Structure formats: structure tokens, C-alpha cells
Amino acid sequence: CLTPPRKNFGSHIKHQQSRTSSAAQVTLSTSYNGVNDYRMTSTEHDPSLFQVELPAKKEIMVHSKICALMDGYTAIHCDFNFAMLSGVSHSTLEKEYERSTDEKPMIAGSCHRDVVQKLLACANDIVVEGFFREYTDDENRKESERMEACILSSEGLRQIIVCFRGSTANQAKPLGKSSLFGKQASCILDEEQKVPILTTFRTAYFGTSLEKTVFTLLANLETRKPFFDVVMTGHSFGAAMATIASFRYASSNSQMRVSCHVFGSPRIGGEEWRQLIHSVPNLRIYRTENGSDPYVLLPSGNEWIHCGHAIQMGDGSEFKARRFDRDRSSTTSNNHNLLGFVQAKVGMAQGSSQGKVDHDIQSYDEKLTSSGDKWFTDFCEVKGKGIRANNERRTLA
């Protein structure tokens with residue numbers, strides 16, 4: 001729908017500032033005063049076709065492998081710089097990897113072959129386009145505030161992929177035990193969008209200039225790869241960063257199709273945040289949730305709500321897509337009821353080993369890989385054929 005500008009109203013995107021010069025504004029103006037102040041918006045009850053488009057399993061698998069690479073590379077080389085691989089083709093990396101040996105594991109004197117091997121396994125045409133690492137404070141004193149973003153591309157998927165990662169500690173535990181029952185601090189996203197989100201994520205996201213650096217590279221890649229979609233991805237703490245980035249990028253680049261495919265993501269905001277996310281018609285969000293991963297239920301409290309769709313992975317390699325799913329704990333099937341919610345919280349408080357395993361990105365990747373061709377063909381709440389008018393499908397969920 002067309003939405004007029006609304007000041008200080010979190011459920012809608014505010015007035016879009018014109019980027020053109022005053023002379024250009026005169027040239028492009030119409031006879032209707034203020035018509036350029038309107039922009040297309042959507043809601044979860046009236047979404048764009050793109051917002052409810054189902055992802056292929058192949059792309060979700062590629063994104064999970066990229067997240068696994070970013071989460072696990074520090075065990076091989078804690079400060080590995082992916083930037084040295086920027087622009088190197090997949091075939092060239094394969095040749096260099098084959099030339100190296102276990103006795104001489106370094107490629108070109110600096111690239112560790114085990115990291116390159118994991119990169120090659122992500123997809124048969126993956127290319128690193130850029131890598132950025134920043135710190136919110138002194139990098140020698142504040143490793144816990146380390147933030148990273150790796151930008152890759154895939155010709156087969158026609159995607160530019162941005163993977164966000166926090167510190168090793170934040171990736172393992174994106175939220176502390178206080179998020180179980182204690183009230184969490186919130187603050188507004190920014191001056192343009194006065195919508196409250198979790199202070200922990202807001203501080204981390206805006207604590208560095210990572211957004212500016214990543215968005216600048218994306219602007220360059222758009223001209224070089226004009227028919228590619230942009231996908232933001234990340235696991236755990238990185239999933240929260242990717243979700244915020246996807247909204248900010250999509251809302252300022254309405255000509256781009258932007259997807260956000262995240263894994264083990266905690267909640268980021270409340271009802272206003274959810275409505276704001278769903279008001280951007282060129283933004284599609286899928287959160288993949290694994291078994292008893294406790295962090296997808298945090299922080300607790302009715303003021304925190306998930307946004308986007310949920311892909312739930314069961315113990316029997318079953319996959320279900322829940323359309324604009326609010327919370328796993330609000331459903332009443334497949335052990336995702338209130339009892340399961342309480343058990344997950346208690347399990348986290350006691351350091352449940354199963355919860356820790358299910359939150360690990362390797363567990364996500366293994367389930368996706370080992371499940372073969374199993375995948376969903378529609379949202380599980382959608383029943384019947386619905387109504388088709390003007391070649392558009394209408395359903396009741």
C-alpha cells in the first residue's frame with residue numbers, strides 16, 4: 001500500500017529524504033504536491049509477493065556453511081584475514097589448495113589451507129568480495145567487542161552474501177543468564193526510527209563504522225553485479241547484527257531485493273520493531289531454529305517478539321516453515337509448547353549440554369546437510385488452495 005510520511009510512528013517508515021539536488025527535484029517533480037513523500041509499504045497481513053517467497057534449501061545450506069566458516073575459523077587462525085582472498089576465483093583457490101600440503105599448510109605464505117578448504121566447501125562458485133574487522137574499543141583490551149563482516153558472492157545463486165560475526169564469546173552466548181527472567185534494557189534504534197530494540201544489540205551494531213564500510217562495498221558490487229540479490233546472514237549474535245543491517249539496507253535501497261537468512265537468532269525488539277520490519281516490502285526474513293536451541297526464546301518477556309518467518313528443524317530431519325511466526329513458544333505442537341519453553345529456559349540456566357549443542361552452528365549445518373532432499377513446499381499454517389484473483393494467490397492463515 002501507499003503510506004504517507006508519519007513522524008515518530010514506529011510502525012511505518014518515515015519521510016524518505018530526497019537524494020537529488022534541488023535542480024533535479026524541479027526536473028523530476030510532478031503536478032501533485034507531496035506525491036514523492038509517499039512510498040510503498042507492506043504488513044504481515046498484506047505482504048509483498050517477495051516477502052512470502054519460499055527459499056530453496058540449497059541457498060539456506062550455503063548460508064549455514066558460510067556462518068559455520070565464520071564461527072569456526074578462529075580455531076585454525078584466530079586473526080585470519082579473509083580480505084587477502086578478495087577477488088580470487090573459486091578455481092584459482094582450488095588449484096592453490098591442491099598445491100599445498102599438511103607439512104606446508106600455508107598458501108601464498110599467509111592463507112591457511114584449512115580455512116581455504118572450508119571456504120571452498122561453502123559452494124562451488126563462492127568468491128570473497130571483502131572482509132572487515134572492527135572493534136568498539138581498544139582491540140587489545142576489548143576482544144569481546146570484536147565485530148566482523150565477510151562479503152561473498154555466488155554466480156549460481158545470483159547473490160551477494162554478507163555474513164556478520166561477533167566475538168567468539170558473544171557467538172557462543174549472545175545473551176547472558178539475566179535474559180532468562182530479568183527485565184532487559186532497551187533503547188531506540190535511531191533518530192529516524194524511534195523504535196525500541198535490545199540495548200545490547202543496538203550498542204554493538206552502532207559501536208563501530210562497520211555498517212558504513214559494508215554498505216559502501218555493496219553499492220560498488222551492485223554496479224558490477226546488477227542482477228544479484230543481497231542476502232544478510234549470521235548465527236547467534238551475528239544473526240541479530242544481520243537482521244538490523246538487512247532492515248537498514250533494504251529501507252534505504254528500495255530497488256534491491258534483500259533477504260535475511262539467520263540461524264539461532266535471539267529476539268531483538270518488540271511489537272513496534274516487528275511491524276517496522278514487516279513494513280519494508282523488499283525485505284524477506286527467515287530465521288532457522290534448531291531443536292532445543294534456548295537462545296531463540298530469549299530474552300524472555302512479552303515485550304520481546306520475533307519478526308519474519310521461522311524455519312523449524314525437528315529431531316527427525318523435519319522442516320517446517322511458519323509464516324510470520326511470532327514465537328516458537330506460542331505454538332502448541334511438536335513439543336514447542338509452554339512446557340517446552342520453560343524447560344529450555346531452565347536448561348540454559350543449568351548449562352544444558354543439549355541446548356549448547358543445538359545452538360552450535362555446526363549442528364544447524366549438519367542437520368541441513370544430512371537431511372537429503374527433505375524440505376517444505378509451503379507454510380505449515382496454510383491450508384487449502386485459497387483464492388486466486390488477478391493471478392495472485394490469497395490465503396487465510
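Buried means under 20% relative accessible area, exposed means over 50%, and partly exposed lies in between, with a 1.4 Å probe and protein chains only. Keep those cut-offs in mind on this tour.

This is a predicted model: local features need pLDDT of at least 70, side-chain atom pairs count only at pLDDT 80 or more, and totals for chains, interfaces and linings use all residues. Residues are numbered from 1 along each chain as its sequence is written, and side-chain values use heavy atoms, with hydrogens and water left out.

**Stop 1: Ser236**

Select Ser236. It is buried, at a relative accessible area of 0%. Ser236 sits in the loop between β10 (229-235) and α9 (237-252). Helices (H or I, at least four residues) and strands (E, at least two) are DSSP runs, numbered from the N terminus. Now check the backbone: phi of Ser236 is near 60°, a positive value in a residue other than glycine. Most residues other than glycine have a negative phi.

**Stop 2: Arg158**

Buried or partly exposed? Arg158 is partly exposed, with a relative accessible area of 36%.

**Stop 3: Leu298 and Pro299**

Select Leu298 and Pro299, and look at the peptide bond that joins them. That bond is cis, with omega near -5°. Most peptide bonds are trans. Pro299 belongs to the loop between β12 (283-290) and β13.

**Stop 4: Ile311**

Move on to strand β13 (residues 309-313) and select Ile311. Ile311 counts as buried, at 1% relative accessibility. What does Ile311 touch, leaving aside residues up to four places away in sequence? Show Pro55, Ile60, Tyr286, Arg287, Thr288, Glu289, Lys320, Trp375 and Phe376. Contact here means heavy atoms within 4.5 Å.

**Stop 5: the cysteines**

Finish with Cys67, which counts as buried at 1% relative accessibility. A disulfide is a pair of cysteine sulfur atoms within 2.5 Å. The structure holds zero disulfides. Last, select Cys187, which is partly exposed at a relative accessible area of 24%.
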